[in-house]
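Me: I would like to go through this model term by term, with each label set against the cut-off behind it. Could you take the labels one at a time?

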Amino acid sequence: MKHRPSYHFLPEKNWMNDPNATIYFKGEHHLFYQYNPTDWHWGNLHYGHAVSKDLLHWEHRPIALYPALDRGETHCYSGCSYINNGQIELLYTSVGQGVRCQNSGSQQWAATTEDGVTWKQIPENPVMKTPGAPGKRLTEWRDPFVFRWKGKIYCLVAGIVDEKYGAVHLYTTNDFRSWTYVNEFFRNTCAKEVMECPNLIVYGDKVLFIHSIWDIRVLHWFVGTITEDGKLEVYNQGSVDYGDFFASQISFDEKGRTLMWGWLREDPRRGLYTDGEWSGVQAIPRVISINEENELVQERLPEFEILRRTDEEVQLQNFTGRYEFKTVSGTAEMEGTIQSDDVFSFRFLADSDGQEYTDVIINPREGTYYAPMEDSSLIKSVDKRPILGCFRRKKDGSVHVDILIDNSVAEIFINGNSAMTLRIYPQMEGGRMSVETKGLIADAEIHVYEIGLQGEEQR
């Protein structure tokens, strides 16, 4: 069995989780990430580092940030980056043991670099330390994110308030060294849920705010504005991804695009050792924006198309039944536009005997899609709970589907407004693909591509 992805980024071995401090600087995209250099399980968190010129082929760099053990730091948790004095600077959550634990003793530290390869914690640390919120006790206080709004520098940090509810808090600075608490930026509706990885992107007078919730493993997006007293006024909201995409991070490229990064968790794998000592994958970066209806718009990176190696094109008119594609591969893309009033489904990672397969069932009338998952793996210990999502219908009723398949990963995009990521662990070798309806597909143009990197730069 092969579960290790081939064209998604991951370290050569060991544990990886959140993308951190993603930034475009001097012609290169920098990806930092939570990394355990000594084990393929969580722990001993450093900042791994890789660079790319095209967001697809990656060059591994030496570990960028080590815990400052001599100063009581044992983990470098998630954070962000920004340019200060002409160089990348990191702002991240510092965690230690005992009173410096993640629950009640985390701090926000800055790290600088002279060579762009390694970063060192500055002597002035911590630059942010609780209690920074007057009259409030903050716990699970972490994951700073720096942004600019109307000429000023701000930072969001998540944290539970008085053990009562999760919130994201707003701070401001003039020098990245001394931060002042502004207000409780956003309050979660559910008590004690641990909020993580807040991101904010400015679009004129509007903002797109994204955060993760650890307890239930989801990402939410909100479009709104920032009030004069530093609170989020929400216009619209929704889900970023209905599956295993988590802990988003944001960067901006030379084309003016906003890129969203995400960690593809191994939760369904449940610690199972399969084909190597590795855990965690980074999603293909997504290009995101907001539309006139104040909705999140997201699509897979357009440059991804350079990875296509073959093209099987199929036209279907007034079709009923199952169409089996000739292409057989565990690293593929299924992309097409379907016109139908009836339920239809895509099948992939299927073996020749039909014992293992993954279906995505799409209902164009209701605007829903569903991954049952029960037949996706013969491995009993794998979590195969079903996943349900919804999408906004197009005016002409057509459904555009784009599915990226990479051994144990499936990233599904529908109509540019909805996404679902699946982690799949087949026991048998199977790369068969098909489309089926028991009703009628009036018209469809579907392409199936084999996907592959030109080199082995990211291994």
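Reply: Strands here are DSSP runs of E with at least two residues, helices are runs of H or I with at least four residues, and both are numbered from the N terminus. A247 has its place in strand β18. The model is a predicted one, in which local features need pLDDT of at least 70 and side-chain atom pairs count only at pLDDT 80 or more, while totals for chains, interfaces and linings use all residues. Residues are numbered from 1 along each chain as its sequence is written, and side-chain values use heavy atoms, with hydrogens and water left out.

Me: Why does A247 count as buried?
Reply: Buried means a relative accessible area under 20%, exposed means over 50%, and partly exposed is what falls in between (1.4 Å probe, protein chains only). A247 has a relative accessibility of 0%, so it counts as buried.

Me: What does A247 touch, not counting residues up to four places away in sequence?
Reply: With contact taken as heavy atoms within 4.5 Å, A247 touches D18, P19, C197, S212, L219, W261, G262 and W263. One of these, P19, is 228 residues from A247 in sequence, yet the two C-alpha atoms are 7.2 Å apart in space.

Me: How do you know that D18 has no salt bridge?
Reply: A salt bridge is a side-chain nitrogen of Lys or Arg within 4 Å of a carboxyl oxygen of Asp or Glu. D18, which is found in strand β1 (residues 14-25), is buried, and the nearest side chain of opposite charge, that of R142, is 7.1 Å away.

Me: What does the side chain of D18 make a polar contact with?
Reply: The partner is the side chain of S78, at 2.8 Å. A polar contact is a pair of N or O atoms within 3.5 Å, where within protein one must be able to donate a hydrogen and the other to accept it, and where residues adjacent in sequence count only if both atoms are side-chain atoms.

Me: Why is T22 called buried?
Reply: T22 has a relative accessible area of 4%, so it falls on the buried side of the cut-off. T22 too has its place in strand β1, and a polar atom of its side chain lies 3.0 Å from the backbone oxygen of I250. Leaving aside neighbours within four places in sequence, the contacts of T22 include H30, S81, I250 and W261.

Me: What makes the pair of R137 and E163 a salt bridge?
Reply: The closest N and O atoms of R137 and E163 are 3.5 Å apart, which meets the limit of 4 Å. R137 lies in the loop between β9 (128-129) and β10 (138-149) and E163 in the loop between β11 and β12 (165-173), so the pair ties together parts that are 26 residues apart in sequence. R137, at 45% relative accessibility, counts as partly exposed, and E163, at 32%, is partly exposed as well.

Me: Why are D244 and R265 counted as buried?
Reply: D244 has 8% relative accessibility and R265 has 4%, so both values are under the limit of 20%. These two residues form a salt bridge, with the closest N and O atoms 3.0 Å apart. D244 lies in the loop between β17 (232-239) and β18 (245-252) and R265 in the loop between β19 (258-264) and β20 (278-279), so the pair ties together parts that are 21 residues apart in sequence.

Me: How many salt bridges does the structure hold?
Reply: The structure holds 30 salt bridges. One of them joins R300 and E333, whose closest N and O atoms are 3.4 Å apart. This pair links distant parts of the chain, with R300 in strand β23 (residues 296-300) and E333 in strand β25 (residues 331-340), 33 residues apart. R300 and E333 are both buried, and salt bridges that share partners join R300, E305, R308, E333 and D402 into one network.

Me: Which residues of the largest nonpolar core touch the most other members?
Reply: A nonpolar core is a set of buried Ala, Val, Leu, Ile, Met, Phe, Trp, Tyr and Cys residues joined through side-chain atoms within 4.5 Å. In the largest core, which has 89 residues, V146, F147, W179, F185 and L208 touch the most other members. Strand β11 (residues 152-161) contributes the largest share, seven residues. A second, separate core of 34 residues includes V314, Y369, M373 and M420.

Conventions
Lys, Arg positive; Asp, Glu negative; His and termini not counted.
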